[in-house]
Amino acid sequence: MTGGHTVGMFRRRRRDVTAINRWQRAEPADGRHLRSWAREHLGVEAYVEPATAVTGMTVVLVAHDGEWTRRRVDGPDAARRLGKDLRIPVYDVHRVGYPQRMRDHDARLRIVRRRAAGLSGG
């Protein structure tokens, strides 16, 4: 392998990493969505999720009825600022887990979808 070839390989690799990092960063639309969603729902709490190999750090907002939404944030400080701005509690999901009402909400949705699929198929 020549030196020029090696440099070309590393250049491609850097571009790939840059593309991945772009998916990990929060965008202004993420913050707008979280703020808007929190204002439209009651009893909202924030649950901070760690970054993964695919996405950056995210926040899950969960309302009193278990409805939820998830968006990226630019790190733990941004998640805390969001909570402070919205006057909602912020939890580390690794420490406290997801609230039962969120799981119950998802279970109700699965039942509704199954019933709808059964009705439309028969």
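I started with the lining of the largest pocket, where the largest share, 5 residues, comes from α2. I am working from a predicted model, where local features need pLDDT of at least 70, side-chain atom pairs count only at pLDDT 80 or more, and totals for chains, interfaces and linings use all residues. Residues are numbered from 1 along each chain as its sequence is written, and side-chain values use heavy atoms, with hydrogens and water left out.

The largest pocket has a volume of about 180 Å³. Of its 14 lining residues, Gly 31, Arg 35, Val 73, Asp 74 and Ala 78 are the closest to the centre. α2 and α3 (76-86) are the elements that give two or more residues to the lining.

My pocket terms: on a 1 Å grid over the protein atoms alone, a pocket is an open set of points with protein on both sides within 12 Å along at least five of seven lines, whereas in a cavity a 1.4 Å probe fits but cannot get out; lining residues have an atom within 4 Å of a point. Grid points are joined across faces, edges and corners, and the volume is the space filled by probe spheres set on the points.

**Overall layout**

I counted 5 helices and 4 strands in the protein chain. Helices (H or I, at least four residues) and strands (E, at least two) are DSSP runs, numbered from the N terminus. Along the sequence, the pattern reads α-α-β-β-β-α-β-α-α.

How much of the chain is buried? Of the 122 residues, 30% count as buried, where buried means under 20% relative accessible area, exposed over 50% and partly exposed in between (1.4 Å probe, protein chains only). I also checked contacts (heavy atoms within 4.5 Å). Among those with a separation of 6 or more, 60% come from residues 24 or more positions apart.

**The sheet**

The order is β3-β2-β1-β4, in an open sheet of 4 strands with mixed pairing. Two strands pair if DSSP finds at least two bridges between them. β3 and β4 are the edge strands, each pairing on one side only. From one strand to the next, the twist averages 25°. Helix α2 (residues 28-40) packs on this sheet, where it touches β2 and β3, and its direction makes about 155° with that of β3. Axes here are lines fitted to C-alpha atoms, for helices over the stretch in contact, and angles run from 0 to 180 degrees between N-to-C directions.

I then went through the pairings:

- β2 (residues 58-62) and β3 (residues 68-72) are antiparallel over 5 bridges. Val 62 stands opposite Trp 68 in β3, and Val 60 stands opposite Arg 70.
- The hairpin of β2 and β3 has 5 residues between the strands, and Gly 66 takes a positive phi near 95° there.
- β1 and β2 are antiparallel over 5 bridges, with Ala 46 opposite Leu 61 in β2.
- β1 and β4 are parallel over 3 bridges, and the bridge partner of Val 48 in β4 is Asp 92.

**β1, inside**

Why do I call β1 largely enclosed by the rest of the structure? Because 5 of the 5 residues of β1 are buried. Both faces are covered: Glu 45, Tyr 47 and Glu 49 are buried on one side, Ala 46 and Val 48 on the other. In a regular strand, side chains alternate between the two faces of the sheet.

**Aromatics**

My search of the whole structure turned up 1 aromatic pair. Tyr 47 and Tyr 91 are tilted, at 5.3 Å centre to centre and 35° between the planes. The pair links distant parts of the chain, with Tyr 47 in strand β1 (residues 45-49) and Tyr 91 in strand β4 (residues 90-92), 44 residues apart. The rule I used: rings of Phe, Tyr and Trp (its six-membered ring) pair if their centres lie within 6.5 Å; planes under 30 degrees apart count as stacked, over 60 as edge-to-face and the rest as tilted. Tyr 47 counts as buried because its relative accessibility is 5%. Tyr 91 is at 29%, so it counts as partly exposed.

Arg 87 has a positive phi of about 60° although it is not a glycine. I found Arg 87 in the loop between α3 and β4. Buried or exposed, then, for Arg 87? Its relative accessibility is 78%, so Arg 87 counts as exposed. The C-alpha atoms of Arg 87 and Ala 38 are separated by 9.9 Å, with the two residues 49 apart along the chain.
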